[in-house]
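Please read the points with the view open beside you.

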Amino acid sequence: MQFEDFYNTYFSKVYNYSRYRSANAAEADELTSLIFEKLLSKFSLFDETRNIEVWLFALARNVVNDYYRRATIRSFFSLGSGGDEDETDVPMPDDTLARAEEEDGKRRLFSALTRLEQRERELINLKHNQMLNNRQIAEVTGLSESNVGTILARSMQKLRVILGSKL
Amino acid sequence: MNEKELTNLLSADLSGESKIKESLKLKLLTPAPRKRAPYFALSGALACAAAVIMVLIFKPHSAPHDEYEYAFYPMSSLEQYSDGYGASGPRGLITYITETNV
């Protein structure tokens, strides 16, 4: 597979993964860019016998973790408040009702997701957005399969409660 | 929000929000221009060139040929005597001077 085909096929998956792990769309763009740069540098080393999505998300996960580790160090030495993690930057809804409802749903979802831990958000994304099974998630995250199931169930319950309380 | 709505929302593709899809693709697929040699590498090359020029200008002298030297100095005063006593011999310098009236 050429890198261009790979990019076209997996751009949305990488962006969605970044979006779930970031505070806003601009940060998701930055993360997506960093992930693809890393993917390009490692693309020739990919072992075709492996599952490409597991490889992709394992690499993306490392890039995002490094990004937030560096951001934590930067904020430690910075004089600014750096408290914009809870902000969501979902575009304003269009004038059509359906679009407005969809945007409102997204806004509420991301607002609720910011109240979960990074790991919980990541697992929800890998399971419900990227459609990986628990074994693949375990391979990506380094957790055990049963642990993945437990955390996922707890995270979804937490998300439902947060969303329910906002209704 | 019911369970179905939540599932739909969680599985929604959000990549439409991205503002970089085409520009990032262009950036990644365009070969990067060759990086210029770092400054320190260039300065190293200059130092080597200067050393070569210095060697060419101030060529080290070769060792003198023995035959040529001894043609002018057949019995150098610095030459060691094989008996280990030097030019005055085992009698000593004073005796030597007295005997030879040097």
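**Notes on the interface and its surroundings**

1. Start with one pair of side chains. B:E3 and A:R160 form a salt bridge, with N to O at 2.8 Å. Keep in mind that the model is predicted.

2. The rule finds 5 salt bridges across the interface of chain A and chain B. Polar contacts between chain A and chain B come to 14 residue pairs, with both residues at pLDDT 80 or more.

3. Which elements of chain A give two or more residues to the side that touches chain B? They are helix 1 (3-21), helix 2 (25-42), helix 4 (97-113), helix 5 (118-129) and helix 7 (145-166). Helix 1 of chain A gives the most, with 10 residues.

4. Next, the make-up of that side. Of the residues of chain A that touch chain B, 17 are nonpolar, 8 are polar and 8 are charged.

5. Now the extent of the interface. In chain A, 33 residues are in contact with 20 residues of chain B. The size of an interface is often given as the accessible area lost when the parts come together. Between chain A and chain B, the buried area is about 2400 Å². Carbon and sulfur atoms give 67% of that area. On the chain A side, A:Y7, A:F11 and A:D29 lose the most area to chain B. Together these three residues account for 20% of what that side buries.

6. Turn to chain B itself. How many helices and strands does chain B have? The count is 5 helices and 0 strands. From the N terminus on, the order in chain B reads α-α-α-α-α. Chain B has 102 residues, and 13% of them are buried. The accessible surface of chain B is about 9200 Å². Carbon and sulfur atoms hold 63% of that surface.

7. One more stretch of chain A deserves a look: helix 6, residues 134-141. Within helix 6 of chain A, the buried residues are A:Q136, A:I137, A:A138, A:V140 and A:T141. Just after helix 6 of chain A comes A:G142, with a positive phi of about 85°.

8. To recap, check two places in the view. One is the salt bridge of B:E3 with A:R160.

How values were computed: Residues numbered from 1 in each chain as written. Chains lettered and ligands numbered in written order. Predicted model: local features only at pLDDT ≥ 70, side-chain atom pairs only at ≥ 80, totals over all residues. Heavy atoms only, no water. Contact = heavy atoms within 4.5 Å. Buried area = accessible area lost by both parts, 1.4 Å probe. Salt bridge = Lys/Arg side-chain N within 4 Å of Asp/Glu carboxyl O. Polar contact = N/O pair within 3.5 Å; in protein donor to acceptor, adjacent residues only side chain to side chain. Helix = DSSP H or I, 4+ residues; strand = E, 2+ residues; numbered from the N terminus. Nonpolar A, V, L, I, M, F, W, Y, C, P; charged D, E, K, R; others polar. Buried < 20%, exposed > 50% of the residue type's maximum accessible area, 1.4 Å probe, protein only. Areas by Shrake-Rupley, 256 points an atom, 1.4 Å probe, with all protein chains shown as cover.
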